[in-house]
Amino acid sequence: GQLIGWSAGIVLPRGSKGALAVATDELRGRIGTVWDVSRTAVLFDIPRNSEQRFVLSVIDQPGGNALDVIHPFTTSDYDPSTGIFTHGIRADWEPAKPRTHDPASGAYHWHVSGANGAGKSEGIENVLRQTTQHGVVVPVFVDLGDLTYTDWEPYAPVMESAPLMGLRVLENLCDLIRHRQKKMKMMRRFDADGIDIGVRRVYPISRTTPLIQLVFDEWHLLWANSVVIGPGRQDTIGSRALAATAFIVGQGRKAMVSALLATQSTSVTEGFGGSTYIRQQCQAGNMIGYRNGSSAGGQAFGGEIVVDPSTIPRDRKGTCFMTSPVDARDAMARTIWVQEPMKLNDLIDIPTLPVDELVILRRGLDEPAEPPPVEVKVQALPEAKGPRGPSPELVFDVKQFIEAQGTVRRQAVVDHFQEAGRGSSTAIDNALKMLRQEKAVVSKGGTYAMKETR
């Protein structure tokens, strides 16, 4: 019927003996899933004590739909007062609308994912063209990929492409957020009658106080960076990048600083450096997933929505799943295409940041880098001595990782968190030990799983 370009999640609870999925003649042959629908009925046999998730994605319909059509960019419909604009067209010809900010609650963050050639960069280009024509958004770029956004360099206050400089941008944004928080304490709010109703709790959006939009392409290349830096060489670029990003997505909202993080996967391990906190903050904002090559099947996207980006056809570049604060459907959309972006440069209207904020944002970016860092394996760092145990954040993230994997070998846990720069094998083993002592997980033969609750 009319239900095209959508996904349906199927969850089989623990104890289920199996499930029967029925595909009608009208749908069979136009379904892309983690399993093959080649018959009218498909039976799933699953282990009795495990939970299984499946995703069915209907991606086509004879005759033509909005996913079959290229939608060229014509003009921006961005509303600076609400932060809402059109990013793409759903299969049923309805607009897919993300949101940059809410004046009452603050900025929203973004996570944009997709394989090379799936349309991710073009999608970000549409976000930029939509939002930078109204004098209230200032983009800040870190591009660790193939320098896709160099055409924006004359218009943006920051354009960096080296990992260490990318880290400096993140940490400068942390300082800028703190600076705006102090400024807000001196701002007052007034009602329609001019009566003072208290301190402003959200930074205002205007030409003189613009929203700052960080665009970080290939962000996963930074948090995975194991180069050791800092006093005593105890930090890595990756560990500091994760800490700074967590601060930005946590504290930047009311300061009207938004982070757009572009990676190649929606999973918490491959797309978010193992940080469930950063992922949750992005899920509360805008999640856009273009085709990827993952064989993981259904992937948690926004809230309870589960999608499978691997089912998006290769011949429909720019097709994506998208959820946002104003459009939380799990239907596919095809991104509006900016075909000749250079012809739109005359429409760019990016305000100048206040001098005090510009100084903070560019601090250290015109200086040479630190003495050349040395590439070392993170696991070679000595474990700190003393009675101090693993950090609560590490224990929490180890627990979340085990829960996401279902069952996982101890070495896989250690390798994952060491590659993310989260600590030595001793610290990770201590986190596992603490989870066992708290009876949050069970282990047998070196394999860990969540303790079942009844």
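Let's start inside the protein, where the count comes to 1 cavity of 30 Å³ or more. Here a cavity is a set of points, on a 1 Å grid over the protein atoms alone, where a 1.4 Å probe fits but cannot get out. Rolling a probe the size of a water molecule over the atoms shows where empty space is left. The largest cavity has a volume of about 40 Å³, a volume being the space filled by probe spheres set on the points, which are joined across faces, edges and corners.

Before going on, please note that this is a predicted model, in which local features need pLDDT of at least 70, side-chain atom pairs count only at pLDDT 80 or more, and totals for chains, interfaces and linings use all residues. Residues are numbered from 1 along each chain as its sequence is written, and side-chain values use heavy atoms, with hydrogens and water left out.

Which residues line the largest cavity? They are Val268, Thr269, Gly274, Thr276, Asp397, Gln400, Phe401 and His416, where a lining residue has an atom within 4 Å of a point. By class, 2 are nonpolar, 5 polar and 1 charged; Val and Phe are among the kinds counted as nonpolar, Asp is among the charged, and Gly counts as polar. Helix H8 gives the most to this lining, with 3 residues. Helices (H or I, at least four residues) and strands (E, at least two) are DSSP runs, numbered from the N terminus.

E26 is joined to E28 (residues 447-450) by 3 bridges, and Thr407 has Ala449 in E28 as its bridge partner.

Finally, how confident is the predictor? pLDDT gives that confidence for each residue, from 0 to 100. The protein chain has a mean of 79, with 77% of its residues at 70 or more. Over residues 17-51, however, the pLDDT is below 50.

Conventions. pLDDT is the predictor's confidence in each residue, from 0 to 100. Contact means heavy atoms within 4.5 Å. Two strands pair if DSSP finds at least two bridges between them. On a 1 Å grid over the protein atoms alone, a cavity is a set of points where a 1.4 Å probe fits but cannot get out, and a pocket is an open set with protein on both sides within 12 Å along at least five of seven lines; lining residues have an atom within 4 Å of a point.
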